[in-house]
Amino acid sequence: MAIFVNEHTKVIVQGLTGGQGRFHGLRNRAYGTQVVGGVTPGKAGQDVEGIPVFDSVADAVAATGATASFIAVPPKAAPAAILEAAQAGVEFVVCITEGIPAQDEARTYATLQRDFPRTRLLGPNCPGIISPGKCNIGITAGEIAHLPSASGPNVGIVSRSGTLTYQALYELKQQGIGVSTCVGIGGDPVPGTSFVDCLAQFQADPETHAIIMIGEIGGSAEEEAAEFITKHVTKPMSAYIAGVTAPAGKKMGHAGAIVSGGKGTAQGKMDALRAAGVRVGLNPTEAGALMAEIVKGLR
Amino acid sequence: MDLFEYQGKQYFARFGIPVSAGDVTETVDGAVSIAESIGYPVVIKAQVQVGGRGKAGGIQLANDAAAVRTHATNILGMDIKGHVVKRVWVERASDIAEEYYASYTLDRAAKAHLLMLSAQGGVDIEEVAEKDPTAIVKLHINPIEGISKDRAKQAAQEARIPVAALDGVADILVKLYDCFTAGDCDLAEINPLILKPTGEVHALDAKVSLDANAAFRHPEWDAFAATVELDDREKLAREKNLQYIGLDGSVGIIANGAGLAMSTLDVVNQVGGTAANFLDIGGGANAELMTAALEVINSDANVRSIFINIFGGITRGEEVAKGIVEAVKRVNLRAPIVIRLDGTNAEEGRSILAGAGIPDSQLTSRPTMLEAAKVAVELAK
């Protein structure tokens, strides 16, 4: 078991013939992911090192039976690419594109909710997802992820930050702890998949025995996660929140301050998670060490 | 990108939102000539991106040219909380019957747009929110549905805005939503939104923050970008395309990835130091980028030590190490470097650093973030 993706997941890459799509698509395949096709309008019939290219997602899905898509196209094209994948019936869409306008993201998310509720979007602006040994979609370097052990205990990772996702994978590898799935949800204003979505999946996944969560300042996603953890998560957790001393990123005027209502600071997020029973580290290494203690107790 | 008030008003005008007649100038003579052409009385307003300019004397009423000259002379060059006034906005003074508040933002938690509207504007709206939360109407708007004039009018009624102003407020709310969405704003705020004794509703101030990701479809934003105020370090960083925010501590920071850069600031703080900056060099930490980053940090006189924190994912450790060695040779550094290099091929990278012939006094390597931070903070003392 793993969450969202596993060894049976068939993936197409939208933008496979572009620089990023080609580089990461081929790396994902080299890791063992079933990368069964690519999509670039006007390039049907070509192939990228043996991976067939199609004109549309619908054609690619019809020919390959893919259920997941990896979107690596520029910001201007990404919203349409996401909706095209959803329209073609793709259930799991990973979008790594950075720099999509917030208004486009909000409209795309609202359209998915209304017209394509069966499609889950991960990202945009996220590193992707890896179920070690089974499937890697996105830009994560597969070799830094420790394989899950059949007997457990294994840890699930969910993170808002790219490099800190790798850091978390690395800390667990150093400690010899297996990872069931590592999900990078991305730090954009309207992420398709939230902490809460991932926590619910990890809680239900028999192969996941404990969870690490990496958050950041801003927004209220961590506070919502803390509320969910209190009610629904029984598996032990450790966490780290980046940005205790970071300069305020975006000045959102009075409006932002009112919306947040005291939420959004690293301290507030750490307090909320602690109150939910999560062990909070003051740096990524400490969160890893806390997880090592948790895992020791489970063995 | 945050706009100055005058830019916000110019932006509002594009979407048909009524603002006072006025213009911006950098000179006293310019202020007088604007006042002469729009007619008295006028208000002269300091253009700074910081609150409290009224209390600091940055907003003045003038009834004739002599008064405009006096006030403009005083305000131009004035220091308001560290912001030097370079421009003033001169506009026709408005008679005010009532003051309201209106804004649109994206509510991340609800994944929807949020309208906030209050009949108690003008004053500190955060105070209103604290003392009487019911005085602010909050309405979530589905981004693919938008807001109709009827719905806007209903919101205005809920906010207890008087009947005389309902139509005018609703009209502005629809236009402000258009400005927020089609205009790609992160924030579009009017405080105060005023009702004049004559019955017209009108934006007396403008606070607009634009979404930099949407700049590609707004060539008209170039004029706004030209007035963004940066310190020398930030200017240099921008030229080099680096994600840099200047701070006032003594440990220069270079990290790859925004999360790791934030985390680096935290760890430096945790061991008793202070960061001189936030600098994210992104995924590909090559010699060019590293050189540019070190040049920017080197230009900061407060920097006493430099902490380079790199986690190699796809970028391999030996490539990062080669980049650092090359950059150290190119830049004549004033402060010692402490490096933490971890991740893919970190061992190979560390041995390249150790064998590069750079003296220990100039470059120290530590395997973990915490150890490296301790050394960097010690060196900065």
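Of the contacts in chain A that link residues at least 6 apart in sequence, 75% join residues at least 24 apart, a contact being a pair of residues whose C-beta atoms, placed from the backbone, lie within 7 Å. The structure is a predicted model, in which local features need pLDDT of at least 70, side-chain atom pairs count only at pLDDT 80 or more, and totals for chains, interfaces and linings use all residues. Residues are numbered from 1 along each chain as its sequence is written, while chains are lettered from A and ligands numbered from 1 in the order in which they are written.

Chain A has ten helices and 14 strands; these are DSSP runs numbered from the N terminus, with helices being H or I of at least four residues and strands E of at least two. The C-alpha trace of chain A spans about 55 × 50 × 30 Å along its principal axes. For 299 residues, a compact globule would have a radius of gyration near 19 Å, and chain A agrees with its 19 Å; this radius is taken over C-alpha atoms, and the globule rule is 2.2 Å times the number of residues to the power 0.38. Buried residues make up 63% of the 299 in chain A. Here a residue is buried if 20 or more other C-beta atoms lie within 10 Å of its own, exposed if 12 or fewer, and partly exposed in between.

A:P124 is buried, with 28 other C-beta atoms within 10 Å. Neighbours within four places in sequence aside, A:P124 is in contact with A:A78, A:C95, A:T97, A:I100, A:E105, A:G186 and A:D188. A:G184 lies 60 residues from A:P124 in sequence, yet the two are 10.0 Å apart in space, C-alpha to C-alpha.

Turning to chain B, there are 13 helices and 18 strands, and the C-alpha atoms fill a box of roughly 80 × 50 × 40 Å along the principal axes. Of the 381 residues of chain B, 50% count as buried. Among chain B contacts between residues at least 6 apart in sequence, 70% join residues at least 24 apart.

Helix α13 of chain B (residues 369-380) has twelve residues, which at 1.5 Å a residue should span 16 Å; its end C-alpha atoms are 16 Å apart, in agreement. The expected span is 1.5 Å times one less than the number of residues. The buried residues of α13(B) are B:M369, B:A372, B:A373, B:A376, B:V377, B:L379 and B:A380. Seen down the helix axis, these buried residues fall within an arc of 160°, so they line one face of α13(B); the arc is that of the directions from the axis to the C-beta atoms. They pack against α10 of chain A, together with β14 (251-255), α9 (258-270), β16 (305-312) and β17 (337-343) of chain B.

The contact between the chains takes 51 residues from chain A and 54 residues from chain B. On the chain A side, two or more residues each come from α4 (102-115), α5 (162-174), α8 (253-260) and α10 (284-298). The largest share, eight residues, comes from α4(A).

Key
Two residues are in contact if their C-beta atoms, placed from the backbone, lie within 7 Å.
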